[in-house]
Amino acid sequence: MENGLKQLIRKHGFSFKKAFGQNFLTDENLLDEIVESAGVTDSDTVLEIGCGAGALTRALAKKAKRVIGYEIDKTLKPLLDDVLDGFNNVEIVFKDVMKEKIADIDANLGKFILVANLPYYITTPIIMQFLEVSNKVSSMVIMVQEEVAYRLCAKEGTADYGAITVAIDLRGDAEIVKSVPREMFTPPPNVDSAVVKITIDNDKFKDLDLKSIRNVVKAGFGNRRKMLVNNLMMAFKLNRSQAEAVLNSSNVSLTARGEELSSEDYIRLSETIKKVQNEK
Ligand code: SAM
């Protein structure tokens, strides 16, 4: 453990809570790389989720105009006060971000960059919620389990391609910025990680009905062993000829599987299904 964190923990009598996924970063170079990959400048607002002992928060605060941090564990307050002493551009909200309405967070901010190094069990729901709800997020720089990083950046037709890959592709692009071995964390988790950057492009697919598309994507990946036609029949209560007609009008093969479809295919499918349902 790096000296600064060790001293901080001893000074404040802090004990790590496994249930909150508390694996902290200390390496200054890595922290700077994360901030740099987020492209933070002095005109940016950053929303950081899961501040921990504040090492990343501090690195962000040095570059950003404003940092709003969420942290579930109130016992980290004295450490955060200590580490962030002298920074008047940081505000920490001691709340469970999963209990917040993303739409409310969004409404209270201008355009912002999301940065998060979270417990892995909430990373995917957080990414999904911001993709679906936020109009203000311009990019997300997120530490994820290495396997999840491959999923976020996967190409259609591969085993890693899934509903979250399509959700990202509908709003922007994802790239792996850096692999981070487990030893870089204190205490080390059981898995290696990677930093992924999702850049949001609001012009990519304008005016989409994301909710309808999401339902079709969910159906498409509902049962990966089944062909898409069967998954559509189940999810949208269609008979076989209706489901086949939907695929034909959407220019999708009758024998396709959900993981073979691009986000453009899902957009067309969703439009056709909406039409069919309105005619029912
Ligand atoms: N950002 C710090 C770093 O990089 O060293 C800490 C990262 S640690 C992996 C995850 C942090 O998220 C922990 O401090 C934990 O208490 C916090 N956390 C976990 N669940 C949370 C939630 N639902 N809402 C807000 N913070 C949460």
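Colleague: How much space lies in the largest cavity?
Modeller: This is a predicted model, in which local features need pLDDT of at least 70, side-chain atom pairs count only at pLDDT 80 or more, and totals for chains, interfaces and linings use all residues. Residues are numbered from 1 along each chain as its sequence is written, and side-chain values use heavy atoms, with hydrogens and water left out. A cavity is a set of points, on a 1 Å grid over the protein atoms alone, where a 1.4 Å probe fits but cannot get out; its volume is the space filled by probe spheres set on the points, which are joined across faces, edges and corners. For the largest cavity that space is about 40 Å³.

Colleague: Which elements give two or more residues to the lining of the largest cavity?
Modeller: Lining residues have an atom within 4 Å of a point. Among them here are Leu25, Ile34, Val115, Asn117 and Met143. Taking helices (H or I, at least four residues) and strands (E, at least two) as DSSP runs numbered from the N terminus, the elements are strand S5 (112-117) and strand S6 (137-145).

Colleague: What space does the ligand take?
Modeller: A pocket is an open set of grid points with protein on both sides within 12 Å along at least five of seven lines. A molecule sits in one if more than half of its atoms lie within 2 Å of its grid points. The space taken by the ligand is the largest pocket.

Colleague: Which element gives the largest share of the lining of the largest pocket?
Modeller: The largest pocket has a volume of about 1,000 Å³. Of its 48 lining residues, the closest to the centre are Gln22, Asn23, Phe24, Leu25 and Gly52. Elements that give two or more residues include helix H1 (3-12), helix H2 (28-37) and helix H3 (55-63). The largest share, five residues, comes from H3.

Colleague: Which side chain has an N or O atom 2.8 Å from an oxygen atom of the ligand?
Modeller: A polar contact is a pair of N or O atoms within 3.5 Å. A side-chain N or O atom of Gln22 is 3.0 Å from a ligand oxygen, and a backbone N or O atom of Gly52 lies 3.3 Å from one. The side chain with the 2.8 Å distance is that of Asn117.

Colleague: What part of the ligand's 590 Å² of accessible area does the protein cover?
Modeller: Accessible areas come from the Shrake-Rupley method with a 1.4 Å probe. Of the area that the ligand has on its own, the protein covers 98%.

Terms used: A polar contact is a pair of N or O atoms within 3.5 Å; within protein, one must be able to donate a hydrogen and the other to accept it, and residues adjacent in sequence count only if both atoms are side-chain atoms.
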